[in-house]
Structures are given as C-alpha cells and as structure tokens.
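Trainee: Please take me through this model, starting with the local details and finishing with the sheet.

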Amino acid sequence: MTLLDPLIGRLAVRPALDAPELLAEPVLAALAGLAPEHAARCAVAEIDPAFADTAALCAHYQVPLRACANCVVVAGKRSGAQRWAACVVLATTRADVNGVVRRWLDVRKASFAAQDEVVERTNMRYGGITPLGLPAGWPVLLDPAVAAADQVVVGSGLRRSKLLMPGVVLAALPGAEVVDGLGLPV
C-alpha cells in the first residue's frame, strides 16, 4: 500500500527548474528570475491534461481541494483604459470579483477576462493560467489564505503539469499584493 502525501496526493513532483519542458515559456522565465531560495522551493508535477481542471485534478490525483489555488484573470475599464488583475484564491473559495476586485481595480464593472484574450496576452494555456510570468504591470492579488499556505498547487502555464509552491513565494512575486476578503466561501 502506498501512503499519500496529505498535501499533494498522488502527484509525482520534482524541482520545477529541472523540468523546463513542463512549464510555459513565461512561467519558466519568471521562475528562473526568482531569488534562488524561492526558486528552490518550487516543484512541478506532470499530469494528464484531461485532469487539468481543479475538481478533476483533485479527484484523479487525490489532492485535497484545500491544497489547490486558482488563478483567474479579471478585467475592467476606466476612462476607456482596460485594467487587468490576476486573482489567486484557494479552490475552496471564489474571488469576490464584483466587490473587492472591482473596488481594487477602481472600475465600474469587473468581470472574468475573455478566455481567448487571456491566452493570447499571457502565452499560457487556458486551464493552466498561473500568477508566475504574467504580463508586466499586471497586479497579482492574493487572498491571505494563499499567501499563508505552506504549499499550494497552481497552474504551470500548460495543461499537462501543475506547480507546487509556498504562499510566501507567491507573495514575493512582482506586483503581488495580499488583499483581505478576496476569497469568498463557496
């Protein structure tokens, strides 16, 4: 009988920088640009792309939902200028797009950005969007529970792998800000 790691289930992980083929190009560049002590704490696991969505990943690889974080891209306009933000919340919550994020972006209406536009702007695959390697100037809003997590499973920029990293690394990303109330209970 194989014992499962309580946070990573059946994912087979290895150091992220040792597996560049499992990372989207901008994600690899962002990881390589991290402080060495942060990059060393990031791991990657190859997965079947059919299980890239959080619920499927958790069921198939026996990863607890509370160990996963979702990154969603939100957009809104102000005076004709588009404003973007990546929001990272635990998978047990949902981002407060119409409250906290809308106010943070200082827009009248905020909504999830269009899938095709996010894929084009990030050079990442839908279902693998991650806070690492986002376009310059995009803020990364983190729920406090994500920033405080010992480890979370997030996208790798591809559908065929997942990154595992501590919340402190996410909180140290350029443009990252911990935002109280970002994640609402589902």
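Trainee: Which residue follows α4, and what is its phi?
Mentor: Asp106 follows α4, and its phi is positive, near 60°. Helices here are DSSP runs of H or I with at least four residues, strands are E runs of at least two, and both are numbered from the N terminus. The model is predicted, with local features requiring pLDDT of at least 70 and side-chain atom pairs pLDDT 80 or more, whereas totals for chains, interfaces and linings use all residues. Residues are numbered from 1 along each chain as its sequence is written, and side-chain values use heavy atoms, without hydrogens or water.

Trainee: Which other residues have a positive phi, Gln62 for instance?
Mentor: Gln62 has a positive phi near 55°, and this residue sits in the loop between α3 and β3. Asn123 also has a positive phi, near 60°, and belongs to the loop between α5 and β7. Most residues other than glycine have a negative phi.

Trainee: How accessible is Gln62?
Mentor: Gln62 is partly exposed, at 41% relative accessible area; Asn123 is likewise classed as partly exposed, at 41%. Buried means under 20% relative accessible area and exposed over 50%, with partly exposed in between, using a 1.4 Å probe and protein chains only.

Trainee: Back to α4. What is found at its start?
Mentor: A side-chain oxygen of Asp96 comes to within 3.0 Å of the backbone nitrogen of Gly99 there.

Trainee: Which residues of α4 are buried, and where do they pack?
Mentor: Val97, Gly99, Val100, Val101 and Leu105 are the buried residues of α4, which spans residues 97-105. They pack against β3 (69-78), β4, β5 (93-95) and β6 (110-112). Contact means heavy atoms within 4.5 Å.

Trainee: Where do Phe51 and Tyr61 lie?
Mentor: Phe51 is in the loop between β2 (43-46) and α3 (54-61), and Tyr61 is in helix α3, 10 residues apart. Phe51 is partly exposed at 23% relative accessibility, whereas Tyr61 is buried at 11%.
Mentor: Trp84 and Trp138 form a stacked pair, 4.9 Å centre to centre with 10° between the planes. Trp84 is in strand β4 (residues 81-90) and Trp138 in the loop between α5 (115-122) and β7 (140-142), so this pair ties together parts 54 residues apart in sequence. Both Trp84 and Trp138 are buried.

Trainee: What about helix α1, which residues are buried?
Mentor: In α1 (residues 25-32) the buried residues are Pro26, Val27 and Leu31. Seen down the axis of α1, they fall within an arc of 135°, so they line one face of the helix. That arc is taken from the directions from the helix axis to the C-beta atoms. Glu25, Ala29 and Ala32 are exposed on the other side of α1. The buried residues pack against α2 (36-39), α5 and β9 (161-165).

Trainee: Finally, what is the strand order in the open sheet of 4 strands?
Mentor: The order is β1-β2-β9-β8, with antiparallel pairing. Two strands pair if DSSP finds at least two bridges between them. β1 (13-15) and β8 (152-155) are the edge strands, each pairing on one side only. β2 and β9 pair in the antiparallel sense over 4 bridges, and Ala43 stands opposite Leu164 in β9.

Definitions and conventions:
Phe/Tyr/Trp six-rings, centres within 6.5 Å; stacked < 30°, edge-to-face > 60°. Polar contact = N/O pair within 3.5 Å; in protein donor to acceptor, adjacent residues only side chain to side chain.
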